[in-house]
Amino acid sequence: MDVPADMAHASFQSVMVQTKDAEVFKASQTKPPFNRTWRIGINCITNAKKWPVLMASFDKASQQALKFRVEFSPVDLGTKGMEELHAALMMLVDGGWKSFAEHGRVTIIEVTVDLPGVGVDQFDALPKQAVYRQAWGKDGHLETIVFGKASGNQTKIYNRGKKRTDKGQKWLGPVTTRVERRLRPQGFKLAELPKIANPFADIILPASSIPAPPDEPETKTYLWALFQDSIKVRGLTGALNLLPEAKRTTYRAWLKQHPVPWWSPQAIWMQWPDYIADLRISDPKAWI
């Protein structure tokens with residue numbers, strides 16, 4: 001959030017004084033262009049790694065607060081955590097979270113969908129991004145598919161349980177695939193968050209076993225079999241990239257017609273506006 005001019009001096013004074021309260025503001029590592037960074041202690045969250053991160057940029061010479069940045073997971077905070085975050089921000093800027101909802105912009109947003117009982121190697125993935133990679137585990141099973149660069153919009157599809165156990169954490173649930181979208185919107189206002197376009201709409205998950213296209217010449221049906229074998233080695237995008245343009249277009253269109261039945265981006269995203277409304281993230285009028 002760019003601090004409004006009429007709040008800049010008062011917010012600077014508040015930062016200098018209020019952040020000395022180590023019970024609320026836990027100093028953390030700072031990176032430019034911000035001057036100071038803290039973890040905001042949230043009583044309803046016992047894991048300090050899940051506390052919101054607050055960054056502040058200010059000019060000491062003019063005693064002006066210039067910018068605040070907050071990073072947090074709405075899932076971790078919940079409604080009670082949002083209220084505690086609001087109370088902490090009230091100590092620094094007039095209106096607390098209300099000011100962020102009015103003046104804030106979204107620079108990074110991460111949304112995920114979990115697919116319990118589904119392994120990464122039980123389907124193929126066909127998103128739009130050209131940059132692509134994938135990784136297998138030691139047992140030869142596909143574990144991760146990544147589309148797009150980390151510096152831009154990116155899609156990750158991975159074995160959630162494997163990721164947890166790799167970090168030394170317990171995982172007692174079923175095999176679960178997570179589809180994760182990380183977006184870096186430009187000039188996107190926080191108040192517009194309920195209207196953000198469905199980030200899963202462009203992700204197509206074709207079934208891993210599909211018959212050959214009906215227009216495949218009978219004398220060349222072996223090409224489809226070779227293509228499916230290539231998918232197992234290179235992944236769907238890599239296999240498509242080996243084909244001549246005309247054949248690639250035909251196969252891609254055929255794959256789009258055969259998505260797995262349980263992948264429904266529209267049904268998933270229908271819950272988004274209500275979820276944002278319940279947490280009161282984007283509505284300034286929801287905060288006193």
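**Close-up views of a predicted chain**

View 1. Gly95 counts as buried because its relative accessibility is 13%, where buried means under 20% relative accessible area, exposed over 50% and partly exposed in between, with a 1.4 Å probe and protein chains only. This is a predicted model, in which local features need pLDDT of at least 70 and side-chain atom pairs count only at pLDDT 80 or more, while totals for chains, interfaces and linings use all residues. Residues are numbered from 1 along each chain as its sequence is written, and side-chain values use heavy atoms, with hydrogens and water left out. To find Gly95, look in the loop between α2 (74–90) and α3 (97–103); helices (H or I, at least four residues) and strands (E, at least two) are DSSP runs numbered from the N terminus. Not counting residues up to four places away in sequence, Gly95 touches His86 and Met90, a contact being heavy atoms within 4.5 Å. Ile210 is 115 residues away from Gly95 in sequence, and the two C-alpha atoms are 56 Å apart in space.

**View 2. The whole chain, for orientation.** Eight helices and 11 strands make up the list of elements in the chain. Its C-alpha trace spans about 80 × 40 × 35 Å along the principal axes. Of the 288 residues, 41% count as buried. Among contacts with a separation of 6 or more, 62% are between residues 24 or more positions apart.

**View 3. Trp97 and the largest nonpolar core.** The largest nonpolar core has 59 residues, and Trp97 is one of those with the most contacts inside it, along with Ile40, Leu54, Phe68, Leu85, Leu193 and Trp263. Such a core is a set of buried Ala, Val, Leu, Ile, Met, Phe, Trp, Tyr and Cys residues joined through side-chain atoms within 4.5 Å. Helix α2 gives this core its largest share, five residues. Leaving aside neighbours within four places in sequence, Trp97 is in contact with Phe72, Met82, Leu85, His86, Leu89, Leu190, Arg280, Ile281 and Trp287.

**View 4. Asp124 in its loop.** Here is an aspartate to look up in the loop between β6 and β7 (132–136). Asp124 is buried, with a relative accessible area of 11%. Beyond residues up to four places away in sequence, Asp124 touches Ile204, Leu205, Pro206, Ala207, Ser208, Ile231 and Leu236.

**View 5. Strand β10 and its two partners.** Seven of the eight residues of β10 (residues 176–183) are buried. Strand β6 (residues 109–116) pairs with β10 in the antiparallel sense over eight bridges, and two strands pair if DSSP finds at least two bridges between them. Strand β9 (residues 154–159) also pairs with β10 in the antiparallel sense, over six bridges.

**View 6. Strands β1, β2 and β3.** Strand β2 (residues 36–40) runs antiparallel to β1 (residues 25–28), with four bridges joining them. In this pair, Ser28 stands opposite Thr37 in β2. Four bridges also join β2 to β3 (residues 53–59), again antiparallel. Follow Arg36 across to β3 and you reach Ala56, which stands opposite.
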